[in-house]
Amino acid sequence: MIRIAVVSGKGGTGKTVVTAALADLIPGSLVLADCDVDAANLSLVIPHEMKSARPYFGMQCAEIDTETCTGCGACRAYCRFDAIEETENGLKVNPLLCEGCAVCELVCPERAVTMKPRMAGEIYASSTSRGPLSHARLFPGAGTSGLLVQEVKQAALSSSGEMPLMLIDGPPGIGCPAMATLSGMDAVIIVTEPSISAVHDLRRLVEVCRGFQVRLFLVINRADLDPEMTASIREYCADENISVLGTIPFDPAVLSAVRAGKPVTGGSSPAALALCEVRDALCAALGVTE
C-alpha cells in the first residue's frame, strides 16, 4: 500500500481542497483518513455516509472523593498544572487543566483521589464512493490530538483490506498531530501559497519532514496571486530537491464547490484542470496506475 499524506505549514492554504480533489481523481480504490483532528473537515467536501461512531478516550482525569477527602491540600500543593481548586464544597479538579499525570493520586494520604477515563472525542467510520473514510472529532479543550491521529490512522488501515493506496488529510503545522501523521508515510504533499507566512512555515515543515525520510512533493495554491513569490518557492524547492507537482490558480469555483460540499474537480474550472495536472504528476511519480 502506498501511503500519502497531504499537509501544510500554515492553515488555510487549501490542503483539504487538494486532498478532496486527489481523492476524487486518483484512479482505483483507496482508503481515506482525516487526521486534522483539531479541525476535521474532509467530510464536509466529500459526500459520505456515516456507518459507525465510537468514543475516544484520551488522558485520564483525576477525581476527588469528597467523602474521603480530609482537605489536607497535598494534592493541590503538588499539582504543577493548578488543576485542583478550593471550593465551598471542598477540593475539586478542573478537568480543563488536569493533564492526567496522577501525582495527586500518589500524594493523597487518604487515597481520596483516583484517575478516571475521560471521553475526549469520537471516531467515525464512513463510506464514500471512493472507499472507506476514517475521521474523528476532538472535544473542545481536549488534548492528546497526536494519540487520536494514531487511532484514526489505525482505523483506516483496519478498513483498507487490499486497497493499494491510503490518502490522508493531515493537520497544518509541525506539532504532535503532524508528527503522528507523518509517521509511516511513503510520500508527503505539502500545500503552500505565495505569502510570507506560508513560506516561513513551509521551510519549518520541510525540516520536520526530512526526519521521516519520506518523498516530498509540493503544490502551490493560488499561485497567480504573487508570481514573483511563486517563482521564489520554485527556486527553494529546486534547492531542496522537492518535486513541484503543479500550481493552482485562484478560482472562485473552489469556494462554490466547498459551499456545495463536493470536490472542485466535479467541474472544469481552472483550478479543477490544474488539479488534474497535479494528479497526473503524482501518479507518474509514484507509479499509480489504478
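The protein carries 23 positive and 33 negative side chains, and a distance of 2 Å separates the centres of the two sets. The structure described here is a predicted model.

In the protein, 10 helices occur together with 13 strands. The C-alpha trace spans about 70 × 40 × 35 Å along its principal axes. Of the 290 residues in the protein, 48% are buried. Among contacts with a separation of 6 or more, 75% are accounted for by residues 24 or more positions apart.

Three cavities of 30 Å³ or more are present in the structure. A volume of about 80 Å³ was computed for the largest cavity. Its lining comprises 14 residues, and those nearest the centre of the largest cavity are Cys69, Cys72, Cys75, Cys108 and Ala112.

The largest pocket contains about 260 Å³ of space. This pocket is lined by 17 residues, with Gly14, Lys15, Thr16, Val17 and Asn41 the closest to its centre. Three helices each contribute at least two residues to the lining of the largest pocket: helix 1 (15–25), helix 2 (42–45) and helix 9 (252–260). Helix 1 provides three residues, the largest share of the lining of the largest pocket.

Technical notes:
Residues are numbered from 1 along each chain as its sequence is written. Side-chain values use heavy atoms; hydrogens and water are left out. Helices (H or I, at least four residues) and strands (E, at least two) are DSSP runs, numbered from the N terminus. Buried means under 20% relative accessible area, exposed over 50%, partly exposed in between (1.4 Å probe, protein chains only). Contact means heavy atoms within 4.5 Å. Lys and Arg count as positive and Asp and Glu as negative; His and the chain ends are not counted. The place of a charge is taken as NZ of Lys, CZ of Arg, CG of Asp or CD of Glu. On a 1 Å grid over the protein atoms alone, a cavity is a set of points where a 1.4 Å probe fits but cannot get out, and a pocket is an open set with protein on both sides within 12 Å along at least five of seven lines; lining residues have an atom within 4 Å of a point. Grid points are joined across faces, edges and corners, and a volume is the space filled by probe spheres set on the points.
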